[in-house]
Amino acid sequence: MSSPVGNEDSVVIDVERLTKSFGSTVALRDAALRVERGEIVVLLGLSGSGKSTLLRHLDGLETPTAGSVRVLGQEVPRLTGRRLRALRSRIGFVFQQFELVPSLTVLENVLTGALAELRGPRLGLWSYPRRLKLTALGHLDRVGLLDRAYQRADTLSGGQQQRVAIARALMQDPEILLADEPVASLDPESSEQVMALIREIAMDAGLTVVCSLHQVDLALSWGDRIVGLRHGEVVLDTPAEGLSKVEVMEIYGRVATATAELEAIERELVDELGAADAAAPERSAAPAPLVAAGENRAG
Amino acid sequence: MSTLVAPSRRPAEASDARSVAERAPKRGRSPERIAASLTLVAIVVASIIALADSGISIPHMIESWGNAERFFARVGPISFPEPAQLLYLTALTIGLVLCGTLLAAVISVPVAYLAASNTTPGGGLQAFGRFVTVLTRAIPDVVLAMVFVLMFSLGSLPGILAIGIHSIGMISKLFADAIEQIDEGPRRAIRAAGGSTWQEFTSGILPQVLPSWVATVLHRNDINLRGSVVLGYVGVVGLGMEMSFAFKSLNYSLGLGIALVMFALCIVMEIVSSIVRSAMLGVAPTGRSLGARLARRVGRASAGRGAQRLETSRPGLETPPSSAPRPAGTSLEAALRRPWDAVRIRNTAWGWAALAVVVGSVLICDIQWGDLITFWAKVPAIAVQFWPPDFGNYDAATMFGAMGQTIGIALAATLLALVVSVFVGSLAARNVAPNGTTRTSMRLLLVVIRGIPEVILAIVLIVITGLGAQAGTLALAFGGIGLAGKLIADSFEEVKAGPERALRATGASRAQVYASATVPQGTRALIGHSFYLLDTNIRAATILGIVGGGGIGYYLLNAGQGSNYQVVTAIVLMILATVLVVESLAMWMRRVFR
């Protein structure tokens, strides 16, 4: 494992020239990302811009079409079987749809985060060692849901379920936490709770976090560093501090002046995306109509 | 690249001189759909001919009513076995059926794992899984029992193995379907956490499909209990065998008594399993049933309470969930003990009860485990007797004619059952029934009909009207009403309520809403149910022949009892071919009329 990267200790994620295509659609094009230990990075972009695909590559859930993905000093696409699982167990993953098993208790859902350190299949609380159960209860306490430990997961609200999912990720005692639109399915209040919780936990444990978001305001106030993606390409990579919303909006190829206008554009972009999903794959080649519309407004 | 401008519909240009009818696009029809429609029509026509052929007529029925009166007068009072013996036989029958079903339930897990497209390790293994599913379902349990009775002499093992092996097909098919329909998310989460393939299955998939697996197993257990009567005719111990002895020695009063016990047993089992099913599935709302609505209401109430608690305990976002550190450890230790709330008490009670039933079943069956090792020695000698297939003393025309009669019985019975069950099933659907009383009484009627085992009904009808296709057809049709009626009622209740509301809002009458909103949404399910019924009836029709209901089953029993095992093989191959043809026809129809 001789690596050309010198400071291997501090760089935990190193993605170079990553390209991924699904059939004729290109999801990622020559994407690059370097994250140092303890950084809190936000991937910003509209849905469909490649954020999820990039995150899934970091955990070996996708295989790249071309390029290199190094995580924790290992080339992820080359790993298989037990070694891939060992790497995954060091990376926590929080999903947009929480992905808890609805019919299991909250506690057992948290315990599934420890499956990698156990051998063989498990079903039922009795099949987990007492030590792990105590740890899991501790994590549930951390996310404020200790009193729900023995309820079925599907009896919880969305925000609570996402907190259980965070506890499940903590169960892995991860070095890296990946979060894919963790609050996109939540109401604003639960969203802020969940984001605050992730940030707090990351600071306490010195976790490296890569979190994808599509809300610009939230990203600016939450992340240390913003990485903008558009049509599968990294178009922005800068510290969040001092960054203005206008600058961020430029990653969408837009120029605007007033906040209300920005919001209108944001809405439009989301609409456009819905229509463009069905449209031609080479839409990235011609983002011109957007600019035209923006000029009309600005003028 | 006009993506930004919403594709607003262009108004029709006034200059277009053609009429609306001319400009409207022609309705597309694929050749496959036409072929499928023609096949459907052909099947319906064949069913009508079969029905006309079966000799069912009103005058004939009135005539046989007289027969029945005379018959019952001659039989005298119905009698039962000694209470102690009756109790033992009942327990033995239930235990044997349960053991068989459980055997199938256990084997079906790996089979379904191989057969389901999202868990199978590879193409070859998937094909193997599907092959096992189709084959075990196609071989009638009676044939298996016949073979196993030869190998194990007496005891409960032949019955357990016959039921067990035959049931693998249905349970693993439905289980594989359930696996294919799971939410992949939780499974992906476990993969992302570093779980192995095995752990993905047990922690991510199994908990999701467990309720449907239990429901399928219970359903199959009901079917097997009914089928156990016929197994008695080929030498499987239990109530069925006693009944067949009684009828063979012309002791009709005892035979009818045992039939009555069996009937009561089936109804009780049906009720018990529906209680267990709703207890298992009650939490997950599935449709518009009473249980589902209750569960939703409870869910809303508790969600509301949860939100409230969240607010009161957490005044602001400045105090995120965990900010107050807990005094070291103690409360976590306390939390390790799961509280004995109502849910846990109920689950534990169910668990122990289930375990007790299983252990009891195994004990009462008094399984000769040694046989499982010694019987292999007999296999080659017996296998030789079954090969090559041969019609023996019968000529091919007779045999194909008998197979044709079996198919005819199934077709006629399916047609009769469907006509009645569309009517009864519709009235049993909440959204169609004019009032609650109608719905409840129709549902009750369907439960009672389902409780009556077709075989028992056929036996009674045969006793009354004599041997032949008529009794078989009527018995199958009657049983089919119970099955199809329930399926149709459920499907109609599951259609989207929106279109019905919309039509009612336009002022449509109840019948119009039914015809224009309910039925069209339920048609696909209706076609599916019809083929399911035909499929079931073909299998059942062969078995009814064994008790004298006409068709190929009679020859099967004769060949078995006369030790003409090559004939048995030939007949089984014919049945296999027929079942496979019907099954692939059904699959094709379901695909085309999707």
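Here is a short exchange about the predicted model of chains A and B.

Modeller: Residues are numbered from 1 along each chain as written, while chains are lettered from A and ligands numbered from 1 in written order. The model is predicted, so local features need pLDDT of at least 70 and side-chain atom pairs pLDDT 80 or more, whereas totals for chains, interfaces and linings use all residues.

Biologist: How many helices and strands are there in chain B?
Modeller: Helices (H or I, at least four residues) and strands (E, at least two) are DSSP runs, numbered from the N terminus. By that count, chain B has 24 helices and zero strands.

Biologist: Where in chain B is confidence lowest?
Modeller: pLDDT is the predictor's confidence in each residue, from 0 to 100. Chain B averages 82, and 88% of its residues score at least 70. Helix H4 of chain B is highest, at 94. The lowest mean, 47, belongs to helix H12 (residues 290–313) of chain B.

Biologist: How many contacts does the model have for residues 283–292 of chain B, beyond four places in sequence?
Modeller: Two residues are in contact if their C-beta atoms, placed from the backbone, lie within 7 Å. pLDDT stays under 50 over residues 283–292 of chain B. Where pLDDT is low, predicted coordinates should not be read in detail. For that stretch of chain B, the model has 16 contacts.

Biologist: Which residues touch the most other members of the largest nonpolar core?
Modeller: A nonpolar core is a set of buried Ala, Val, Leu, Ile, Met, Phe, Trp, Tyr and Cys residues joined through C-beta atoms within 7 Å. Buried means 20 or more other C-beta atoms within 10 Å of a residue's own, exposed means 12 or fewer, and partly exposed is in between; C-beta atoms are placed from the backbone. The largest core has 141 residues, and the top three are Ala145(B), Ala458(B) and Ile571(B).

Biologist: Which helix gives the largest share of this core, and where does the core lie?
Modeller: Helix H4 (residues 83–115) of chain B gives the largest share, 15 residues. Domain bounds come from an automatic or database domain assignment. Both domain 1 (44–73 + 414–541) and domain 2 (82–173 + 207–295 + 356–385) of chain B give residues to the core, so it lies between them.

Biologist: What is the strand order in the open sheet of four strands in chain A?
Modeller: Two strands pair if DSSP finds at least two bridges between them. Strand E1 (residues 11–22) of chain A is joined to strand E4 (residues 66–71) of chain A by five bridges, running antiparallel. The edge strands, E2 (25–36) and E5 (74–75) of chain A, each pair on one side only. The order is E2-E1-E4-E5.

Biologist: Which residue takes a positive phi in the hairpin of E9(A) and E10(A)?
Modeller: Strand E9 (residues 225–230) of chain A pairs in the parallel sense with strand E3 (residues 40–44) of chain A. E9(A) is also joined to strand E10 (residues 233–239) of chain A by six bridges, antiparallel. Two residues lie between the strands of this hairpin, and the one with a phi near 50 degrees is His231(A).

Biologist: What does Ser157(A) count as, by its C-beta neighbours?
Modeller: Ser157(A) lies in the loop between helix H4 (130–142) and helix H5 (158–171) of chain A. Because Ser157(A) has 17 C-beta neighbours inside 10 Å, the residue counts as partly exposed.
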